[in-house]
Amino acid sequence: MKRALHLRPPGQRALGAAAMVLGTALLAPWPGPQSLVHVALVLGFALDPASALLTAVWAAAGGWVLEGTHRIYPHLGGTPWADMTVALLARWLLLEWPVDSLKTWMGRQAVLAGLWILLVHFAVRLAAGPHIWGWTWAWVFLSLPLWSWIIWRWQRPGGR
Amino acid sequence: MAHQHSPWGWSPTGRRRWVLIVLWTGHGAWVLSGPKAGGAWASFASTATRPVESAAAAWRSWRLHRAERAADLEQARAQLSALRQQVQMLEAAQMVAGPQVADDEAATRLLGLKTKVPFQTKAARVLVAPVGASFGGLILDAGADAGFTRDQGVIAPEGVVGRLWSVGATQSEVLPADAPNASIGVMLARSRATGVLQGTGSNRGEIRYLNNQEVVQPGEAVYTSGLDRVFPRGLLVGYVTEVKPGDLELQVKVALAAPLRRLPAVLILPLPSPLEAQPPLVPQIRTGGAP
C-alpha cells in the first residue's frame, strides 16, 4: 500500500519551483552554483506529486532558462528534454518508492543526479552537437549533501 | 451507475496525460531535429541505404554496359565480316600477284648485284630449274639473241650458279655448279689455297687438289680464284662444311651459297671474264647449307 505524501500547498510548490527557475536565470554568470540550483529544481522543487504535467513544465522551464541564459548552443532543447525526463522519473520513484531514510534519499538522488548529467549531455549533444563537459558535474556531486538535504526538507518524502 | 472515466480518454486526467506526452515527445522531436542529430540521422540513413543504392547503381551500370556490349558486339561482328571479306580479297590478290612479287624481289636483288659488280653483266630469267641434272640444268629465257655464248659465267646475288652449257637462239642452258661434270676454280678465304670445285649434287661440291698440309676449317668461305677464266676472282661460291685428310689430297666438302634450284633470275658474266671481283662486292653472310 502506497503511503500518502505530506504535500505542501500548491502555492508553496509553485513558489519554490519559480524561485529555483529564477535562481537558475540569475546565476547564469556562475555555472557552478547555477548547476546546484538547477539540479535542486529538477530533482526536487519541480516534482509535484499531484501533477506530472506540472512537474514536466517546471523542469522544462528550468532547462529552457538555463540554455537560454548560456546562449552557447546552436540548437536549444536538449537540457529541457533531459530535465523533463529525469524529473518525471524522480516523481515516479517518489510516488512508488517513498524513502524514510535521509541516507537512502541521498543515495537515490546521487543516482538520479548521475543519470541526469549523462542524459543532459546526451540530449545536448543530439540537439546542438559536441560540447565540453565542464565542471558542473563536479559541482553537482560535491554539493549533493546540501541540495539533497534541502530537497529532503522541502519535499518531505519521509513524511515529516 | 457511476460513470468511470478512462485515464486516456477526453477527461481532465486524460487531457493532462496527453498534454504531457505531447510536451515530452515534442521536446524529444525538437532535440532530434537538431543540426547534429539531423546530420547523424542523415548519415545513418545514408549508411543504411547505401547497399540498396550501390545495388541500384550496379544494376543501372550493368544494364548500360549490357546495351553497350550488345552494340559493340554488333559492330564487332560487322567489322569482322568486313575484315574477312577484305582478307579474302587480299589473299586472292596476293595469289595473283605472288609470282610477280617474287619476280620483282628477285629482279631487285639482281639489280642490286648488277650495280655492285664492276663489270658489264646481262640478266636472264630462269625458266626451268630441274633437280639433279648432270649435264645442263637451268634453262634461261635468253640465248644467242641476247649475245650469250658458251662458258659464260652465271651468278646470282647469293653466289656463283654455274656457267652456260649450251646456247640456243632464244634460250640457253646452264651447267650448275653442283653438277658432277662442273668444275670451278676456287680459293679458300683464309689460307688463300686454290683448288677446283667439283659438283657432287644437291647444292654441294668438293674441292680437289688441295694439299694435305693446308689448314682448312669448316665454315670457311670459298671464293672463285679466277684461274678458270670463266669467273673473276673473288665471287662467293659457298662455305666449307667438312674437312678430312685424304691419301693424296685434302677432302674438303662445300655447301654452295646460291640455291641453284630456287633461282628466279641470274646474271651472265662477260667473256672473257675480268680478272678480279673485289670480295666486299659479294655477299658476306653465310646463307646455310644446301637446300
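This note sets out numbered points on the two chains and their contact in a predicted model.

1. Conventions. Local features in this predicted model need pLDDT of at least 70, side-chain atom pairs count only at pLDDT 80 or more, and totals for chains, interfaces and linings use all residues. Residues are numbered from 1 along each chain as its sequence is written, while chains are lettered from A and ligands numbered from 1 in the order in which they are written.

2. Chain B overall. Chain B contains 2 helices and 12 strands (DSSP runs numbered from the N terminus, helices being H or I with at least four residues and strands E with at least two). Along the sequence, the pattern is α-α-β-β-β-β-β-β-β-β-β-β-β-β. Chain B has 291 residues, of which 29% count as buried (20 or more other C-beta atoms within 10 Å of the residue's own; exposed means 12 or fewer, partly exposed in between, with C-beta atoms placed from the backbone). Among contacts in chain B with a separation of 6 or more, 61% join residues 24 or more positions apart (a contact requires C-beta atoms, placed from the backbone, within 7 Å).

3. Helix 4 against helix 5 in chain A. Helix 4 (residues 78-96) and helix 5 (residues 102-128) of chain A pack at an angle of about 155°, with axes 7 Å apart (axes are lines fitted to C-alpha atoms over the stretch in contact, and angles run from 0 to 180 degrees between N-to-C directions). Helix 4 of chain A is therefore roughly antiparallel to helix 5 of chain A (angles over 145 degrees; under 35 count as roughly parallel, 65 to 115 as roughly perpendicular and the rest as oblique). By class, their contact has 15 nonpolar, 3 polar and 1 charged residues (Ala, Val, Leu, Ile, Met, Phe, Trp, Tyr, Cys and Pro count as nonpolar, Asp, Glu, Lys and Arg as charged, and the others, Gly among them, as polar).

4. The interface. The contact between the chains takes 14 residues from chain B and 17 residues from chain A. On the side of chain B that touches chain A, helix 1 (12-32) and helix 2 (35-116) each supply at least two residues. Helix 1 of chain B gives the most to that side, with 10 residues. The side of chain B that touches chain A has 9 nonpolar, 3 polar and 2 charged residues.

5. Helix 3 of chain A. This helix (residues 52-70) has 19 residues and reaches 27 Å from its first C-alpha to its last, close to the 27 Å expected at 1.5 Å a residue (1.5 Å times one less than the number of residues). The axes of helix 3 of chain A and helix 1 of chain B come within 9 Å and cross at roughly 30°, so the two helices are roughly parallel to each other. A:Ala52, A:Leu53, A:Ala56 and A:Ala60 meet residues of helix 1 of chain B including B:Leu20, B:Leu23 and B:Trp24. After helix 3 of chain A comes A:Arg71, with a positive phi near 55°.

6. Positive phi in chain B. B:Asn203, a residue other than glycine, has a positive phi near 65° and lies in the loop between strand 7 (194-201) and strand 8 (204-208) of chain B. B:Asn203 counts as buried because it has 23 C-beta neighbours inside 10 Å. B:Tyr209 also has a positive phi, of about 65°, although it is not a glycine. B:Tyr209 lies in the loop between strand 8 and strand 9 (221-224) of chain B and is exposed, with 12 other C-beta atoms within 10 Å.

Notes:
Contact = placed C-beta atoms within 7 Å.
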